[in-house]
Amino acid sequence: MATKETSKQLILGVYDNPDKVYSTTKKLIKGGYKIEDVYSPFAIHGLDRVMGIKRSRLSIAAFLFAMTGLSLAVTFQVYVSYIDWQMNIGGKPSLHIPTYIPITFELSILFTAFGMVTCFFIVNKLFWGKNADIMDPRVTDDLFIIAVDVKASKADMGALNQKLIDGGAIEVRERIKEL
Amino acid sequence: MSYESPIRDQLVTGGKTYSDVTRDITRPLENSPSKGWWIGFSLSTVTLALWIGATTYTVLVGLGAWGLNKTVGWAFDITNFVFWVGIGHAGTLISAVLLLFRQKWRMSINRSAEAMTIFAVICAASFILSHMGRPWVAYWPIPLPNAFGTLWVNFNSPLVWDVFAISTYFSVSLVFWYVGLIPDIATVRDRATTKARKFWYGFFAMGWTGSTRTWHRYEVISLILAGISTPLVLSVHSIVSMDFATSLVPGWHTTIFPPYFVAGAIFSGFGMVLTLLVIAREVMNYKDYITEAHLDAMAKVVMVTGTMVGMAYITEFFVAAYSGVEYEQYAFLNRAFGPYWWAYWTMMSCNLIAPQVFWSSKARTNPTVLFIMSIIVNIGMWFERFVIIVTSLHRDFIPANWAMYTPTITEVTILIGSFGLFFFLFFLFIKFLPSINMAEVKSIIPTHAHEDEHQHHGHSHELATEKGVLHGN
Amino acid sequence: MEHAEVHIREEKYTITSGNKKWAFGLMIVGLILAAIGYFTYHPHIEGLSEHDLHHLIQKRFWANLLVNGYFFFIISICAAAFISISQIANAGWYIAIRRIPEAMSEYTLIGGPILLIISFFALPTLYHWAHDGIMTEGTSNYDALLASKSWYLNKPFFYIRMVVFMGFWIWCAHMFRKYSRNEDEIGGLVNYKKTYALSAAFTVIFGFTFSMFSWDQIMSIDAHWYSTIFSIYNFATGWVSALTIIYLFTHYLRSRGYLNIASDEHQHDLGKFMFAFSVFWTYMWVSQFLLIWYANIPEEVVYYKDRIFGSYKGWIFLILFLNFITPFFFFMMRDWKRNKISGYIVGSMILIGHWLDVWAMVMPGAMNLATDPSDTHPAGIIKVASQGIGLMEIGFLCLFAGLFLLMTLRALTKANLYPTKHPYVMESALHDVGI
């Protein structure tokens with residue numbers, strides 16, 4: 001890499017209908033355009049697959065957190081009730097495995113939930129107090145925006161504009177995104 | 001877009017557009033509260049004051065302020081605890097289980113149900129604290145190395161399991177609720193006109209931009225959160241039931257308790273959801289979001305779970321008779337025909353018999369009937385816990401110890417006051433947070449700009465069916 | 001939004017010679033194995049008389065018939081319950097595979113009568129409470145506890161319950177099929193609405209009657225023992241097994257080029273169901289075991305004394321492995337639910353696990369020998385250790401599996417492989433699990 005890019009030039013196609021966004025995105029991807037992102041007030045079913053977003057590995061993270069919680073819970077309970085200080089409770093063996101089940105289960109769930117959600121925040125760079133870099137205030141209300149990375153697409157601006165408008169865009173804008 | 005059969009009910013009526021949804025749902029947040037809100041909020045604040053007073057009195061005086069005796073050591077406190085925890089189950093159930101089952105009608109009721117969950121668990125926890133008598137040692141069930149020796153908590157004890165279960169449930173529900181709120185908080189942020197609103201909603205929106213990459217991960221974690229919350233909901237009330245079922249007390253020790261408590265929790269939770277939503281759709285004018293189809297579906301869940309609970313009552317009774325164990329048999333006869341017979345038959349008629357009215361589709365969609373039924377269900381489920389706890393304890397193994405339990409005015413005040421706590425939090429919630437999940441509701445609105453084309457598609461489906469060839473749209 | 005073009009076509013299944021070979025082959029091999037097993041079974045247990053040992057052979061024979069008769073019957077009736085529950089939940093995704101549970105429920109037509117006949121012979125052989133004189137005061141084998149149950153556990157009432165319950169279920173399953181097939185002819189919503197109404201009634205009545213059915217058929221073998229969760233536990237067994245068979249049939253039919261509207265998406269959702277209800281089954285198992293083990297009341301814990309702490313120990317752990325660990329870890333992964341090979345492997349493991357579970361519910365109680373109550377045998381029972389899985393077990397399993405396969409495949413030929421005019425058929429055809 002010669003020089004590090006400091007900004008990205010984006011062309012924004014503004015839409016008011018998710019169906020149009022879906023079909024336009026599909027066409028653009030087919031046409032070899034590099035789509036920076038699509039912004040929408042709700043998740044558009046199937047759009048992630050069209051954009052070629054790989055299935056998130058957060059589910060693997062969740063599983064690993066579950067296993068962490070599980071092993072910590074078992075270790076701790078075994079340590080407390082078998083290794084550190086044994087007690088005779090109702091004549092049951094000190095290594096009373098069946099009664100470990102509830103707490104082990106709960107802690108696995110607790111670790112999964114918190115671990116996974118924390119990872120989710122990290123990978124999306126979401127944190128409290130972050131200043132949102134929104135494309136348009138109405139993108140959380142009723143507008144949908146396709147952002148095309150001009151440079152990476154090596155796009156002819158005129159053709160791109162036309163494509164976005166043919167897809168039903170109510171407006172096409174240009175925007176520089178600071179990196 | 002997934003395809004919907006034309007015979008399905010519209011889940012958002014009134015031809016709402018996306019911006020209509022935003023406007024309708026953010027209205028209570030952006031305008032000064034209505035008179036109705038002020039009245040409700042003041043009433044619940046007064047009731048909350050009662051709760052604070054009675055709880056403080058209990059803490060100062062000790063458990064002598066309650067009607068407990070050495071035979072009936074658990075009564076109103078644990079009844080109220082189980083009652084509130086039970087109510088706390090519908091929220092996560094609606095969000096998680098119905099998400100897994102792809103029941104789209106959950107979308108306009110899940111937010112308030114989840115809020116209800118959190119507030120109900122807070123109420124429940126307050127009873128755990130106050131029933132300890134010495135709430136300042138409430139940290140004792142937490143497995144900390146003991147400062148006075150080498151003893152740890154007893155991991156055999158279902159009460160310790162309960163501490164883990166309730167706190168896990170509370171925190172995971174809170175996370176689930178908050179994750180669901182982020183996109184909606186961002187919507188409020190982007191509409192904010194005042195500085196304070198912009199700052200606070202902006203702070204909690206975590207810089208949400210509506211990016212599809214984020215949405216993708218968001219959907220993945222929502223699904224997994226739902227997947228882990230479902231067994232969590234089941235486990236929490238199962239563990240609550242084990243507080244009773246691991247004992248040797250006839251009427252408590254029965255293996256059906258875990259699923260039976262879970263069914264009861266869903267039942268009572270839906271009862272409370274109905275109470276809240278039937279009012280909310282009138283007062284806040286959400287009839288286009290909480291439609292008759294929603295009411296119908298909720299009424300069906302109430303009927304099914306009520307019947308399941310009723311089946312558990314009958315199973316217990318039957319198996320007690322079948323078991324041939326005198327103590328079991330007596331415990332159940334005493335419930336139905338002993339001195340607390342009225343509590344038992346209140347429970348039976350409210351939980352098993354009354355919900356059968358929902359076989360009628362007219363009853364399922366009539367808000368008045370639903371409201372009355374929801375109150376009946378709440379009463380019935382409170383009595384269920386009272387019956388299980390008090391009638392099993394008050395005549396124990398030695399007849400010389402038999403005793404009756406009567407609540408004191410303090411206990412009744414705490415019970416009533418806990419509703420104050422609950423509604424106080426709920427009123428704050430509807431004032432400051434969007435009480436319907438806007439992002440989800442928008443996703444089930446037909447794409448309005450394409451209405452004509454949709455009509456056309458729907459038409460071609462029907463035509464094609466006859467030819468035996470269909471084209472999906 | 002564009003989707004791939006979907007053709008709703010009227011396809012009919014034709015039984016292949018391979019199908020016939022498998023079904024009849026299983027039945028014939030099963031019969032032969034069972035016969036060899038029966039004639040070569042010569043138990044040698046110390047302290048038992050020749051008469052007792054002879055009795056043991058009879059017991060094992062009838063117990064095996066009961067295990068299989070019950071197992072396959074509850075699977076087929078749970079298939080009907082799958083239809084009715086999906087119907088009242090307004091589910092749309094399952095329409096592509098709906099004819100499979102319908103076909104499975106056709107087994108009830110002969111599975112019901114077979115179970116009735118088995119019960120007729122098994123009752124005096126396997127069920128302690130049905131022994132002559134046990135409830136009559138003054139006889140040498142009089143058992144006061146069992147006598148106190150005579151209001152419920154008596155032969156006429158047992159048969160009445162069985163006939164009425166099974167009759168109602170079989171009739172409902174028949175009506176579900178009839179409405180569904182009729183819908184293919186006339187279309188419209190008439191049959192849909194009729195199915196809806198019947199489903200609501202069936203689901204509620206099934207809930208109550210299945211409870212009693214499981215107590216009668218299985219719980220009353222250990223006549224002194226009782227557990228309130230038992231019926232839900234049994235329902236979980238039948239339900240998971242039924243889902244698994246639906247899943248396996250879907251894979252099979254798709255691999256033969258049928259079910260053009262069913263896809264990996266349906267497979268995925270069925271797999272999720274198997275995963276979820278395997279966890280549900282485990283929840284039931286743990287609830288029953290944990291509470292009984294914890295309280296340690298002798299009359300209850302005796303059930304696990306034979307099983308988890310007795311000669312069935314290894315089998316119980318195998319069952320937990322097959323029914324919980326297998327689906328939990330393998331079907332947690334997305335691709336394993338969608339892939340045919342992994343689906344076949346995990347599916348068969350689950351089925352074997354649940355068959356073993358029914359076997360472990362029946363055998364310990366059924367193989368006990370009755371004797372006169374005395375100080376050495378206060379319950380009037382001589383315990384017999386596990387006889388393991390032998391030729392008789394495998395033979396009868398094959399026999400019933402072959403019969404079940406034959407009935408289901410034959411039923412599949414009777415109508416289109418999926419309902420072409422169901423109001424939700426397009427939803428199912430375009431079904432997509434999403435994330």
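## A surface patch on chain A

A:Tyr82 sits in helix H3 of chain A, which spans residues 58-84. The model is predicted. A:Tyr82 has a relative accessible area of 37%, so it counts as partly exposed.

A:Tyr82 belongs to a nonpolar surface patch of about 550 Å².

Most residues other than glycine have a negative phi. A:Lys125 has a positive phi of about 50° and is not a glycine. B:Asn285 is not a glycine either, and its phi is positive, near 60°.

Both sites are in loops. A:Lys125 falls between helix H4 (101-123) and strand E3 (144-149) of chain A. B:Asn285 falls between helix H9 (257-283) and helix H10 (292-323) of chain B. Are these residues buried or exposed? A:Lys125 has a relative accessible area of 58%, so it is exposed. B:Asn285 is exposed too, with a value of 59%.

Two packed helices are described by the angle between their axes and the distance between the axes. Take H2 (residues 35-61) and H15 (residues 409-432) of chain B. Their axes come within 6 Å and cross at roughly 140°. H2(B) is therefore oblique to H15(B), since roughly antiparallel would need an angle over 145 degrees. The crossing of H2(B) and H15(B) is left-handed.

The other pair is H8 (residues 212-245) and H9 of chain B. The axes of H8(B) and H9(B) come within 8 Å, with a crossing angle of roughly 125°. That makes H8(B) and H9(B) oblique to each other as well. The hand of the crossing between H8(B) and H9(B) is right-handed.

Helix H10 of chain B holds B:Ala312. B:Ala312 has 4% relative accessibility, so it counts as buried. The cut-off for buried is under 20%.

How far apart are the C-alpha atoms of B:Ala312 and B:His216? They are separated by 42 Å. Along the chain, B:Ala312 and B:His216 are 96 residues apart.

Notes. Residues are numbered from 1 along each chain as its sequence is written. Chains are lettered from A and ligands numbered from 1 in the order in which they are written. This is a predicted model: local features need pLDDT of at least 70, side-chain atom pairs count only at pLDDT 80 or more; totals for chains, interfaces and linings use all residues. Side-chain values use heavy atoms; hydrogens and water are left out. Patches are made of residues with over 30% relative accessible area and no salt bridge: like charges are joined within 9 Å, nonpolar side chains (Val, Leu, Ile, Met, Phe, Trp, Tyr) within 5 Å. Accessible areas come from the Shrake-Rupley method with a 1.4 Å probe; for residues, only the protein chains shown count as cover. A salt bridge is a side-chain nitrogen of Lys or Arg within 4 Å of a carboxyl oxygen of Asp or Glu. Helices (H or I, at least four residues) and strands (E, at least two) are DSSP runs, numbered from the N terminus. Buried means under 20% relative accessible area, exposed over 50%, partly exposed in between (1.4 Å probe, protein chains only). Axes are lines fitted to C-alpha atoms, for helices over the stretch in contact, and angles run from 0 to 180 degrees between N-to-C directions. Angles under 35 degrees count as roughly parallel, over 145 as roughly antiparallel, 65 to 115 as roughly perpendicular and the rest as oblique. A crossing is left-handed if the near helix is turned anticlockwise from the far one by less than a right angle, and right-handed if clockwise.
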